[in-house]
Amino acid sequence: MPNKSLGQHWLKDPAILGGIADSVELTSEDTVLEIGPGLGTLTSVLLRRAGRVVAVEYDAQLAAKLPGQFPGTNLEVVTGDILQFDASALPAGYVVVANVPYYITSKIISHFLNISNRPKSMVLLMQQEVAEKYASIAGGLTAGAVALQTKYVVHLGIRVPKMYFTPPPKVDSQVLVCKKRNVSKIAEKDTSRFRRVVQAGFSAPRKKLRTSLSGGLGLSVADVEQWLERVDVDAHKRAQDLTVEEWVRLV
């Protein structure tokens, strides 16, 4: 039985599993890091397409059963928390695939944005509304979406209605496809400063940018207005209304 406390919802439809795998565009040279393989239904599809699958499963009982389901395959099962997993041993250019528990979505994305060996792509099945926010261009951006889009090109993949899960969640899901940019919009040396500025902007999301940046960074409103004018950003906008390019100009 699925463990509700771990956000487990099984997905078994072959067409949808194939559609998720299609989003990854795998070759026999690829290493896949699968998060939360569960019963192994998606694992099975990934093993047929990739050269190697490293599956990290938090549920010890499920993890113990997985190797026996796929004898003779290049599957490595790790029992543990993905947020504690050391990806430095994986080859450069590995791929992350996951049916992400809703409650940990943002933590997983943040984790992979802040490690040194970042994946070349991530294909994440998550709550539809959350996926739409991460893929937003402007008008509905969140601080997490801004951070993600500086390092990855993001778009929406297939939608998965709740009826395809066992047990059905309360909302529909959607695939979020993230492909690593050849050059990050923010240099590594500026990452911490970028994070500080964005967090300040979103610290009071309902207020105008000049006010939220002033309070979040401890600057006078007049200084913030001059700063925004120099980089051609409207001081009357709210944080969610800026484009990623405007955030980059701010930093």
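Start your tour by selecting K120, which is partly exposed at a relative accessible area of 37% (buried means under 20% relative accessible area, exposed over 50%, partly exposed in between, with a 1.4 Å probe and protein chains only). Before going further, note that this is a predicted model, in which local features need pLDDT of at least 70, side-chain atom pairs count only at pLDDT 80 or more, and totals for chains, interfaces and linings use all residues. Residues are numbered from 1 along each chain as its sequence is written, and side-chain values use heavy atoms, with hydrogens and water left out.

The D30 side chain meets that of K120 in a salt bridge, 2.9 Å from N to O (a salt bridge is a side-chain nitrogen of Lys or Arg within 4 Å of a carboxyl oxygen of Asp or Glu). Because D30 sits in the loop between helix 1 (14-24) and strand 2 (31-35), and K120 in the loop between helix 4 (105-113) and strand 6 (121-127), the pair ties together parts that are 90 residues apart in sequence. Helices (H or I, at least four residues) and strands (E, at least two) are DSSP runs, numbered from the N terminus. D30 is buried, with 7% relative accessibility.

Now move to D190, which is buried at 15% relative accessibility. D190 meets K189 at 3.4 Å, N to O, and R193 at 2.6 Å, N to O. K189 is exposed, at 68% relative accessibility, while R193 is partly exposed, with a relative accessible area of 42%.

To finish, the count of salt bridges comes to twelve.
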